[in-house]
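Reader: I'd like a close look at one part of this model, with enough around it to get my bearings. Here is what I have open.

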Amino acid sequence: MDLTAKLSEFGRRLRLLFGPRDRFERELAEEMRLHRDLRVRGMQADGLPKDEATHAAQRRFGNALRLQEQVHEASGWLWLENLMSDARYALRRVRKTPGFTSIAVLTLALGVGATAAIFSFVNAVLLKPLPYPDPERIVSVGEKLPDGFSNPISTLNFLDWERQNRCFQFLSAIALDKVTLTGSGRPDQLNVHRVSASYFKVLGVGAMLGRTFAASENEVGNDREVVLSNRIWRSRFGGDPKIIGRKITLDAKNYTIIGVLPANSEFDRTWAVMWLPLAFTPANMTRNYHWLYAIARLEPGVTLKQARDQMDTIGAGIAALYPDSNKGIGVAVNSYIDQVVQPELRRSLWVLLAAVGAVLLIGCANLANLTLARGTDREHEIAIRSALGARRLRLIRQLLTENILLGILGGVAGLALGNAFMHGMKLWLPPDMLPPQANVRMDYGVLVITMVIGILTGILSGLAPALSGTRPDLARSLKEGARTTAGLTPHRMRTVLVVAEVALSFVLLTGASLLIRSFNRLASLDTGVDTTNVLAMDLPTPLTEFTNSTTLTNYLRELTEKVRSVPGVRNVAITDKPPMEGFANGALFLIEGRDYLPYPQRPGCGFKVVGPSYFDTVGTRLLKGRSLNEGDVADALPVTVINETMAKTYFKGEDPIGKRILIRQLVFGKAERGPDIPWQVVGVVKDEKVGGKVFSLGEDIPVVYVTFYQSPGIRNSLVVRAAMNPLLLNGSIEQAIWKVNKNQAVANIETLEEIKTQSVAPARLRTVLLAIFAGIAVLLAAVGIYGVVSYSVAQRVHEMAIRLALGARPGGLLKLVIGKAMLMVLVGLALGGGAALGLTRVLASLLYDTSPTDRVTWVVAGALLAAVALLACYIPARRAMRVDPMVALRHE
Amino acid sequence: MPRPNASRDQIPPGTLYMLILRMLSRHGELHGFEIAKCIEQLSHDVLQVEEGSLYPALQRMLIKGWATAQWGVTAENRRARYYRLTAAGHKQLEIELSQFGRVMGAIQSVIQPA
């Protein structure tokens with residue numbers, strides 16, 4: 001049949017659906033009447049008496065009403081009409097039982113909302129590919145250390161890779177840098193990425209305004225150009241549409257703005273706010289200074305494996321040519337997505353999604369329980385309907401329609417809640433926790449999935465009640481007053497549901513308890529510094545202003561003394577990184593007198609450049625020897641203070657004082673390492689936790705400290721210990737600094753407390769979220785237990801009355817009821833424990849100093865859940881004690 | 001003479017449309033009872049059209065556009081709904097007839113004594 005015929009047929013069906021039903025029926029009745037009359041006439045003609053003929057025709061005709069219905073059904077809209085009447089009926093019931101409806105919708109909305117919120121994060125971070133064309137062709141490239149870890153790249157290695165490879169369509173180096181913007185208001189330190197010209201080609205992203213870099217801009221002299229993020233273009237430059245070509249001053253040099261990146265893209269959320277060309281100067285041309293990161297786009301048709309093989313060959317070739325710097329160093333090529341989404345975040349998100357899914361399931365079980373309890377009330381109604389000829393499938397469909405309606409309501413409410421949850425979590429989210437590429441929002445995918453989950457949950461929670469509710473023993477249900485043993489099957493089903501709820505919430509509770517225990521250990525660990533009243537700030541000192549190391553060290557000394565004279569300041573020190581923010585530099589070292597090791601094979605440590613007053617300022621205790629002091633200047637003996645881990649790891653059973661550690665010099669103003677300097681150990685300090693982006697706060701890392709006089713560099717920060725809340729001194733410290741140099745940018749002013757809080761923020765976030773979910777789960781399970789126990793008490797009032805009348809003591813009855821209920825809880829605990837044993841193992845990598853099978857945690861979680869469950873049975877069980885046999889039995 | 005019920009044979013499934021279509025194409029315009037009557041007479045009372053299948057079938061034919069219905073007046077001056085074939089109905093009859101013929105021929109050749 002062709003389309004027009006189909007369409008006109010559909011039109012006729014529609015006319016039947018919407019046409020006047022009474023006229024249709026009237027006409028049909030008239031048609032039938034004629035038919036019957038003519039039939040009677042025919043039979044009379046055959047010789048039958050009139051009344052006999054009437055009867056025969058009537059018999060033959062059958063039920064006229066049924067026939068009318070059959071004709072009506074022929075129009076093909078029966079399903080819709082049934083659906084409409086089911087929906088009308090469901091709506092009526094939903095409106096008539098506002099209590100049940102609001103509880104059901106609220107339960108669903110909470111579960112669905114929490115799921116939607118977490119799912120919006122999972123969707124943005126884990127499911128959406130990177131927002132670039134052919135994202136699977138983008139890879140991250142780095143040096144591969146002998147132990148398999150990835151390391152930043154030295155300039156000459158990068159240039160060799162760039163020249164020799166045939167597997168990358170584009171390869172771009174990235175250097176992280178900070179520049180000082182002057183010329184408009186207060187000097188401002190800005191984070192920038194210095195990138196190869198091909199950077200935006202690797203990503204496949206163009207400028208929104210102007211252009212991105214051209215190939216020639218990678219050369220010194222042509223590199224004074226800058227591409228802005230959309231955010232800073234709007235915030236700092238007023239969103240000026242004619243900005244292209246404007247000159248700005250960065251680190252006292254003129255730069256031309258050539259482009260603005262797209263709005264609301266990852267460039268608005270990433271660390272850097274500007275992109276500058278990366279031009280290598282002769283000073284950069286070294287092989288032993290590792291400072292570059294790289295990304296690349298694979299040539300079309302080249303697989304990751306082929307690229308790895310090719311780069312392995314290239315890396316081996318370089319290592320053979322330059323063994324002193326490159327022996328054992330390979331090339332790491334990995335999917336970019338694996339670098340963007342770190343395994344810890346990936347795992348945290350999946351754990352949270354599973355947890356929230358479990359909460360949803362528990363809510364679903366509760367709703368099923370509630371519906372079952374209602375099903376008992378409705379047994380009579382269902383029995384009458386089926387006695388009148390309703391088929392079972394039809395009844396199930398009717399009951400499910402109600403649940404679908406509840407599911408839709410719950411889904412809509414859940415969307416609203418989920419949207420609020422999501423925005424709340426985004427506000428609360430520590431910065432840098434999500435990759436900048438992740439754009440968390442309620443997109444259509446999340447919307448659709450949320451509604452589907454809502455409706456499915458509605459159906460799921462109605463399925464068991466509908467199946468058991470439509471299988472009533474007709475005769476029994478219709479008999480007035482049939483009850484007592486009624487609903488045995490639903491009761492068993494309710495028990496199963498509650499056992500499942502207890503099991504699921506136990507899994508969640510143990511998971512949450514483990515994270516809480518781990519977080520407490522992490523948050524209370526000894527950081528090795530006294531964080532009260534200490535302020536840290538960055539003081540970028542660009543090479544363009546300080547070309548000479550003596551000028552710089554004199555300047556830094558002057559700054560320190562100026563700030564020290566600010567009233568309220570107790571102590572102050574220069575450092576290249578504030579505590580718990582990682583290192584500015586790492587170093588490979590050799591202890592003098594031990595076996596010689598070629599450079600790449602040497603062990604590594606943190607290399608911290610500080611002012612002599614650093615340990616006093618941050619409160620790190622000296623364990624042995626002396627501290628650094630003002631005498632440790634450029635032309636004096638190079639000395640170092642090492643931390644406890646360094647002493648314990650590399651000077652086992654020896655006194656480190658007086659030993660000399662060989663570390664290559666950081667050449668001032670050059671991306672280069674000079675010859676080995678023998679740093680003489682003069683003291684040992686207690687470990688200061690390193691933290692930062694690379695290390696977790698809990699890790700103990702060997703560190704050596706030297707003075708900035710003996711190893712000057714351009715990355716400097718200031719730590720200030722105050723006698724009061726240090727944030728109050730903020731302004732006067734800045735004024736003191738600007739008295740020395742009015743172009744000195746002061747950036748990232750934070751207290752050590754804030755830094756510490758941030759460094760445990762991801763752990764805190766996942767802990768709090770999981771704890772909330774576990775709390776909801778336990779609460780829901782308690783409600784479930786409460787419901788089942790009150791139901792069974794209500795059912796057994798009669799039995800209790802007889803027991804009491806026969807002399808049972810109320811306390812005994814209480815024990816009877818609670819004992820039965822707690823058996824159910826224990827079964828749930830046992831099942832949940834088994835599941836948790838397997839499932840909490842996935843948490844292992846997220847735990848600090850806590851084993852997934854930590855006994856205390858398990859016992860506490862189990863006891864807590866059992867106590868809540870006991871309370872949930874006790875309240876309704878008391879009712880069994882209060883049964884008055886006279887009242888209960890008089891009802892007979 | 002009233003016929004015993006046992007002689008009422010079921011109309012083979014699927015052929016009711018064909019019979020109705022054929023009646024309408026032969027007589028042009030018929031109401032429901034006339035259709036039933038014609039089928040009964042032409043089959044010498046072997047095929048009995050049940051009201052319970054006739055009217056739903058007519059309704060479906062109206063929907064499919066094989067027939068149209070028009071209220072008219074019978075010889076005895078009673079209102080009756082008269083059915084009439086459309087072009088699509090004529091075409092459908094041909095389809096049904098050829099299909100039926102093919103199936104009948106096939107069945108006959110199967111059951112013919114060798």
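This is a predicted model: local features need pLDDT of at least 70, side-chain atom pairs count only at pLDDT 80 or more; totals for chains, interfaces and linings use all residues.

How many residues of chain A are in contact with how many residues of chain B?

Author: At the place where the two chains meet, 21 residues of chain A are in contact with 18 residues of chain B. On the chain A side, helix 1 (3-18), helix 2 (21-45) and helix 4 (64-73) of chain A each put in at least two residues. Helix 2 of chain A gives the largest share of that side, with 6 residues. Sort the chain A residues that touch chain B by class and you get 8 nonpolar, 6 polar and 7 charged.

Chain B has 4 helices and 3 strands, and along the sequence they come in the pattern α-β-α-α-β-β-α. Its C-alpha atoms fill a box of roughly 55 × 40 × 20 Å along the principal axes. Of the 114 residues in chain B, 25% are buried. If you take the contacts in chain B between residues at least 6 apart in sequence, 50% of them join residues at least 24 apart.

The strands of chain B make an open sheet of 3 strands in the order 1-3-2, with antiparallel pairing. Its edges are strand 1 (29-31) and strand 2 (67-73) of chain B, each of which pairs on one side only. From one strand to the next, the twist averages 35°. As a reminder, strands of a sheet pair through backbone hydrogen bonds, either parallel or antiparallel. Strand 2 and strand 3 (residues 79-85) of chain B run antiparallel and are joined by 7 bridges. To find your way along that pair, look for Ala69(B), whose bridge partner in strand 3 of chain B is Tyr83(B). Helix 1 of chain B packs on this sheet and touches strand 1, strand 2 and strand 3 of chain B. The direction of helix 1 of chain B makes about 95° with that of strand 3 of chain B.

Helix 1 (residues 16-27) of chain B also packs against helix 3 (residues 51-64) of chain B, at an angle of about 75° and with the axes 11 Å apart. An angle of 65 to 115 degrees counts as roughly perpendicular, so helix 1 of chain B is roughly perpendicular to helix 3 of chain B. In this contact, Leu16(B), Tyr17(B) and Ile20(B) from helix 1 of chain B meet Ser53(B), Ala57(B) and Met61(B) from helix 3 of chain B. By class, the contact between helix 1 and helix 3 of chain B has 5 nonpolar residues, 1 polar and no charged.

Back in chain A, there is another helix pair to look at. Helix 23 (residues 761-795) and helix 25 (residues 810-839) of chain A have axes that come within 11 Å and cross at roughly 145°. The crossing of helix 23 of chain A with helix 25 of chain A is right-handed. Ile785(A), Val789(A) and Val793(A) of helix 23 meet Val817(A), Ala821(A) and Val825(A) of helix 25. The contact of helix 23 with helix 25 of chain A has 6 nonpolar residues, with no polar and no charged ones.

Strand 7 of chain A pairs with strand 9 (residues 253-260) of chain A in the parallel sense over 4 bridges. There, Leu228(A) has Val260(A) of strand 9 as its bridge partner. Strand 7 of chain A is also joined to strand 10 (residues 274-277) of chain A by 2 bridges, and these two run antiparallel. Val227(A) stands opposite Trp275(A) of strand 10.

Met433(A) sits in the loop between helix 14 (392-428) and helix 15 (444-469) of chain A. It is partly exposed, with 16 other C-beta atoms within 10 Å. Leaving aside residues up to four places away in sequence, Met433(A) touches Ala761(A) and Pro762(A). Glu799(A) lies in helix 24 (residues 797-805) of chain A. Glu799(A) is partly exposed, with 15 other C-beta atoms within 10 Å.

Definitions and conventions. Residues are numbered from 1 along each chain as its sequence is written. Chains are lettered from A and ligands numbered from 1 in the order in which they are written. A residue is buried if 20 or more other C-beta atoms lie within 10 Å of its own, exposed if 12 or fewer, and partly exposed in between; C-beta atoms are placed from the backbone. Two residues are in contact if their C-beta atoms, placed from the backbone, lie within 7 Å. Two strands pair if DSSP finds at least two bridges between them. Axes are lines fitted to C-alpha atoms, for helices over the stretch in contact, and angles run from 0 to 180 degrees between N-to-C directions. A crossing is left-handed if the near helix is turned anticlockwise from the far one by less than a right angle, and right-handed if clockwise. Ala, Val, Leu, Ile, Met, Phe, Trp, Tyr, Cys and Pro count as nonpolar, Asp, Glu, Lys and Arg as charged, and the others, Gly among them, as polar. Angles under 35 degrees count as roughly parallel, over 145 as roughly antiparallel, 65 to 115 as roughly perpendicular and the rest as oblique.
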